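Please look through the model below before reading the numbered points, which go from the aromatic rings to the contact between the chains.

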Protein chains: 4
Amino acid sequence: MTDVLDRLMANIVARQGADPASSYVASVFAKGCDHALKKVGEEAAEFIVAAKGASLGQDKHLAVKEAADLWFHSLIALAQQGLNLDDIKAELARREGVSGHQEKASRPQ
Amino acid sequence: MTDVLDRLMANIVARQGADPASSYVASVFAKGCDHALKKVGEEAAEFIVAAKGASLGQDKHLAVKEAADLWFHSLIALAQQGLNLDDIKAELARREGVSGHQEKASRPQ
Amino acid sequence: MTDVLDRLMANIVARQGADPASSYVASVFAKGCDHALKKVGEEAAEFIVAAKGASLGQDKHLAVKEAADLWFHSLIALAQQGLNLDDIKAELARREGVSGHQEKASRPQ
Amino acid sequence: MTDVLDRLMANIVARQGADPASSYVASVFAKGCDHALKKVGEEAAEFIVAAKGASLGQDKHLAVKEAADLWFHSLIALAQQGLNLDDIKAELARREGVSGHQEKASRPQ
């Protein structure tokens, strides 16, 4: 039985190249890379606003919705480059044996 | 058998309240909400730069690494509010019966 | 003779509370703080995309337009909190006697 | 008599190519375009967090400091592409005769 994230990814890939009027995902693909990345920035900002609001007593569920939107749009942007959820999972799996402090130290500043 | 994202989430939750010197995740928790959200913005920017670069012929795998970092830090920020990966999955599952165009229309501008 | 940034700021302040249909600035004010901050994130992403594109040979002027949009929306967001361009200038003037390395060291990580 | 923003811009340009150890600005130039754009994203996130916090009763001056940081780093990123503050001012001046609603309608979605 597949996970909802796997189903979402499959759904995104299936809509690549479809008529932009047929679905929201198809319309984002049709607008191209710059548009999808603008949406990632917009959703990141909405997540930041919602999480900061939650920390000060506002509706916590809004942060969840914005996180879902952020992940969704980052998957579309990855799909535009021929990448997908399995690539993220493989990268996270690769890091499992490595501490975060080591991971950070291994990267260019 | 668990998915790597589930294991990552469990790992994050387990480190909440731990000695900041003991792990990178514990150090982010200790610095608080504003710091975690700054990291979300930083990782979103790095993802945007890497994906734009990939669209113009640069290393595609960098976009995957930055997406993994973005998702990782957004999970830490959710955990700080008592939320987690299952909340994102539940939100995405709730949307499965709804088209993206309907979803967008249902939300405040 | 005033600078264009001063005129822009005066223009923004003059539209606070005006009929949302009367101008774009009035419509952003009417939608509230979260909306203005979402726009800041969106414009930051567009600036990042355009500047990265410029570094790889794409149109440089697009980066200028996105920077103008980013500054414009950050001024609206400041105005919503009763702050304005003179506050930014005063902060920058305060830093003139301080090196950037000192400034950075004086701030919480 | 020059404006503080003009002085800041002149200062940034003067440090391009200088020894990275000599100033913070020189160190950002030395790290390259991707690093400067990461800083723009980080500062945008910090501004969003601070402005959202200010809207809910937290320190307003923090939003000013973060706006100053955001503008400062966006000027460095522009300078890396051979662009500067005068380009932003020219773009804003060009828009003075155009309503924001017209401006928005003239742009690709």
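How many aromatic pairs does the structure hold over all chains?

1. The structure holds 6 aromatic pairs over all chains, where rings of Phe, Tyr and Trp (its six-membered ring) pair if their centres lie within 6.5 Å, with planes under 30 degrees apart counted as stacked, over 60 as edge-to-face and the rest as tilted. This is a predicted model, in which local features need pLDDT of at least 70 and side-chain atom pairs pLDDT 80 or more, while totals for chains, interfaces and linings use all residues. Residues are numbered from 1 along each chain as its sequence is written, chains are lettered from A and ligands numbered from 1 in the order in which they are written, and side-chain values use heavy atoms, without hydrogens and water.

2. A:Trp71 and B:Trp71 form a stacked pair, 3.8 Å centre to centre with 15° between the planes. Both A:Trp71 and B:Trp71 are buried (under 20% relative accessible area, 1.4 Å probe, protein chains only).

3. B:Tyr24 and B:Phe72 form a tilted pair, at 6.2 Å centre to centre and 35° between the planes, and both of these residues are buried as well.

4. Between the chains, 53 residues of chain B are in contact with 53 residues of chain A (heavy atoms within 4.5 Å). The rule finds 8 salt bridges across this interface (a side-chain nitrogen of Lys or Arg within 4 Å of a carboxyl oxygen of Asp or Glu), and the side chains of A:Lys52 and B:Asp34 meet in a salt bridge at 2.8 Å, N to O.

Key. Buried < 20%, exposed > 50% of the residue type's maximum accessible area, 1.4 Å probe, protein only.
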